[in-house]
Amino acid sequence: MTTAAMFSSAADNCSRRAFLITNLQVRPSRSGCTFLRTSSTRSSHARIFASVCSSSSGVIAAMVTDVSAKVIDGKSVAKQIREEIATEISRMKESTGIVPGLAVILVGERKDSATYVRNKKKACDSVGIKSYEAKLSEDSSEQEVLQYISSYNDDPSVNGILVQLPLPSHMNEQNILNAVCIEKDVDGFNPLNIGRLAMRDREPLFVPCTPKGCIELLHRYGVPIKGKRAVVIGRSNIVGMPAALLLQREDATVSIVHSRTKNPEEITREADIVISAVGQPNMVRGSWIKPGAVVIDVGINPVEDANSPRGYRLVGDVCYEEASKIASAITPVPGGVGPMTIAMLLSNTLAAAKRANNFE
């Protein structure tokens, strides 16, 4: 199989699907709301892990020959973040009487999209965010969607607007996403937000949720980024490109591997940090991984499994069984990056509400 064939258009779907499936044991949460004040929050176990990550590559390589990689538990971290967000929302409500609001626009009858919207509403309810929902039929016009966006743009009780993707084929996705007011673009897809992310000394109002969640996992587990070599596999607008920009902002030396890259295995094997987001099951093998590297797997792909009651199981882009024997730390699928996506959506919505109401 050629490199080009291995990279599919499913990459953009990773961030939309990933947060749904979580099944790992939840660890005790941390107290406090420091996450909401800085993106470099550390948990107590992170400091211990940081000392391991900063060891020489030779020492790490020796360690991982006998010990499996540390599991980066996204479900646990997302739970901690939701608790922090709920505390901040409660504080905001007590001080101002205002609660954040998130509007979701769903077009069509796709069962997966409907499930995603239900899960977002449930997450909003769990932290105290008021949710709004507009359901339109599959044959709705693009103008009808734009009218809903315009209405939410003008509604001060709505702080974030999310258009559930994919949209029906007769609609221009770019036109619709661009219509969302930048101050309410909690998905972080507005070109102005991406442009600010790409420029030095500029700050975007919002960062796309899945790549933001990837970086937050690295922070919370104390993984050093500054000066490290990082490889992002995939260059989608939703995950790959913003993930590379975020790593660059953290002073990593970043390479992007994509469908036209020659010798992707060799390039990936040089990385201290690997973020994979291509939507191809088990594409990244253990032989691609540098001993001691940290692996963040965004992919969530169904593969046939006769032993599963559903007839399938979910796997990532990275062959977990192989990579976990080489890496020093790795996200599982499910239960790794997935839960972080919706946690970052809630975080962005809270940030929008604070900014709109000048609340610190």
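## Salt bridges across the model

A search of the whole structure turns up 13 salt bridges, each being a side-chain nitrogen of Lys or Arg within 4 Å of a carboxyl oxygen of Asp or Glu. Side chains of opposite charge can pair when their charged atoms come close. Please keep in mind that this is a predicted model, where local features need pLDDT of at least 70, side-chain atom pairs count only at pLDDT 80 or more, and totals for chains, interfaces and linings use all residues. Residues are numbered from 1 along each chain as its sequence is written, and side-chain values use heavy atoms, with hydrogens and water left out.

## A buried pair and its network

Let's start with R220 and E84, whose side chains meet in a salt bridge at 3.0 Å, N to O. R220 belongs to helix α10 (residues 209-220) and E84 to helix α5 (residues 74-96), so the pair ties together parts that are 136 residues apart in sequence. Helices (H or I, at least four residues) and strands (E, at least two) are DSSP runs, numbered from the N terminus.

Both R220 and E84 are buried. Here, buried means under 20% relative accessible area, exposed means over 50%, and partly exposed is in between, using a 1.4 Å probe and protein chains only. A network of salt bridges links E84, E216 and R220.

R110 is partly exposed, with a relative accessible area of 41%, and D112 is partly exposed with 26%.

D305 and R313 form another salt bridge, with their closest N and O atoms 3.5 Å apart. D305 counts as buried at 18% relative accessibility, while R313 counts as partly exposed at 39%.

Strand β2 (residues 101-107) pairs with β3 in the parallel sense over seven bridges.

## The six-stranded sheet

Another open sheet has six strands, ordered β1-β11-β8-β7-β5-β6, with parallel pairing. Its edge strands are β1 (70-71) and β6 (253-257), each pairing on one side only.

Within this sheet's order, look for β5 and β7. Strand β5 (residues 229-233) runs parallel to strand β7 (residues 273-276), and four bridges join them. The bridge partner of I233 in β7 is S276.

## A buried threonine in a loop

To finish, find T261 in the loop between β6 and α12 (264-268). T261 is buried, with a relative accessible area of 12%. A polar atom of the T261 side chain lies 2.8 Å from the backbone nitrogen of H258.

Key: Pairing = 2+ DSSP bridges. Polar contact = N/O pair within 3.5 Å; in protein donor to acceptor, adjacent residues only side chain to side chain.
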